[in-house]
Amino acid sequence: MMAARADRSPTTERHERPVIEIDEVVRTYVIGQTTVRALRGVSLRIERGEYVAIMGPSGSGKSTLMNTLGCLDAPTSGRYRLDGVDVAMLDEDDLSDLRNRKIGFVFQGFNLVPRISALANVELPMVYAGLTRSARRHRATRALEAVGMGRRLDHGSNELSGGQQQRVAIARAIVTNPALILADEPTGNLDSRSTEDVLAIFEDLNGSGRTVVMITHEDDVAAHADRLVRLADGRVVADGTVIAESDSAIGRARLARSV
Ligand SMILES: Nc1ncnc2c1ncn2[C@@H]1O[C@H](COP(=O)(O)OP(=O)(O)OP(=O)(O)O)[C@@H](O)[C@H]1O
Ligand SMILES: [Mg+2]
């Protein structure tokens with residue numbers, strides 16, 4: 001898998017507008033008398049079709065950054081342009097529309113709705129898309145088949161293993177065919193077999209031109225990305241190309257260049 005990746009050439013043109021452009025983003029939380037500076041001036045540019053891993057110690061601001069990129073949270077200061085659009089100029093309706101059309105979010109804890117079927121979970125993002133019920137059902141079925149869950153359509157999320165739930169969460173993120181996939185520790189709770197399955201899905205998505213940004217704590221997971229951004233204490237401390245050791249059983253993410 002690693003060797004094949006090393007040979008892969010970018011499937012998309014690299015010189016167009018970046019999909020993500022953030023400049024000096026600060027996010028400060030104020031709780032009572034305490035101020036937490038979760039992001040202290042992060043600037044990042046991600047081109048269309050990139051596969052980026054974000055690493056960093058617990059509390060370094062990874063999820064805060066991801067929520068910002070996903071327009072689930074607004075920066076205290078600084079600018080975020082998604083596909084060239086300054087998101088600060090958009091109202092709540094525009095933002096939720098943007099999220100629905102462009103972004104697929106995979107949350108760390110799966111965030112599936114309990115007691116309803118896998119199929120119903122994956123249909124949810126399309127409820128407001130003006131599709132007929134049968135069109136929704138058809139698309140959700142296709143997305144679940146794409147992640148190898150075609151035979152578990154009617155299982156409740158409580159009747160699925162962790163790896164299966166994570167695959168349903170990915171199907172839900174991709175069912176609207178978003179150009180940008182944001183995943184917060186998508187393999188955090190998975191065994192090595194399910195981790196491989198999930199990474200193979202992301203590789204396929206990236207291979208078909210999707211931009212993928214993934215938070216992980218594991219070097220061998222990050223090694224699947226093309227680029228690695230390290231955060232520490234709310235800042236980017238390193239940003240470079242991932243060099244996969246194709247002949248080692250566990251590829252290690254190394255930084256070719258640091259900032
Ligand atoms: N809603 C919030 N209110 C107040 N403080 C918050 C909030 N969310 C995050 N923080 C604080 O901001 C900092 C960054 O948190 P964040 O969740 O981004 O870290 P992380 O890098 O994702 O960590 P982990 O690896 O543990 O998931 C932490 O100090 C955290 O306590
Ligand atoms: Mg986090």
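This is a predicted model: local features need pLDDT of at least 70, side-chain atom pairs count only at pLDDT 80 or more; totals for chains, interfaces and linings use all residues.
## The open sheet

Start with the sheet of four strands. Its order is β2-β1-β4-β5, and the sheet is open. The pairing is antiparallel. β2 and β5 (85–86) stand at the edges. Each has a single partner strand, so one side of each lacks a neighbour in the sheet.

Now look inside this sheet. Strand β1 covers residues 20–31, and strand β4 covers residues 77–82. Five bridges join the two, which run antiparallel.

Next comes strand β9, residues 227–232. Is this strand largely enclosed or largely open? Five of its six residues are buried, so the rest of the structure largely encloses β9.

Which way do its partners run? β3 is parallel to β9, and four bridges join them. Here Ala53 stands opposite Leu228 in β9. Strand β10 (residues 235–241) runs antiparallel to β9, with six bridges between them. In that pairing, Val229 stands opposite Asp239 in β10.

β9 and β10 form a hairpin with two residues between the strands. Look for Asp233 in this hairpin. Asp233 takes a positive phi near 55 degrees.

## The nonpolar core

In soluble globular proteins, nonpolar side chains tend to be buried together. The largest nonpolar core in this model has 63 residues. Which residues have the most contacts inside this core? They are Ile54, Val122, Leu144, Ile170, Ala171 and Leu182. Helix α6 (residues 162–174) supplies the largest share of this core, six residues.

Leave out residues up to four places away in sequence. Ala171 then touches Val122, Ala143, Leu144, Ala146, Val147 and Met149.

## A loop residue: Glu47

Where does Glu47 lie? Glu47 is in the loop between β2 (34–46) and β3 (51–55). Glu47 has 19 C-beta neighbours inside 10 Å. A buried residue needs 20 or more, so Glu47 counts as partly exposed.

Glu47 and Thr211 are 164 residues apart in sequence. In space, their C-alpha atoms are 7.7 Å apart.

Terms used:
Residues are numbered from 1 along each chain as its sequence is written. Chains are lettered from A and ligands numbered from 1 in the order in which they are written. A residue is buried if 20 or more other C-beta atoms lie within 10 Å of its own, exposed if 12 or fewer, and partly exposed in between; C-beta atoms are placed from the backbone. A nonpolar core is a set of buried Ala, Val, Leu, Ile, Met, Phe, Trp, Tyr and Cys residues joined through C-beta atoms within 7 Å. Two residues are in contact if their C-beta atoms, placed from the backbone, lie within 7 Å. Two strands pair if DSSP finds at least two bridges between them.
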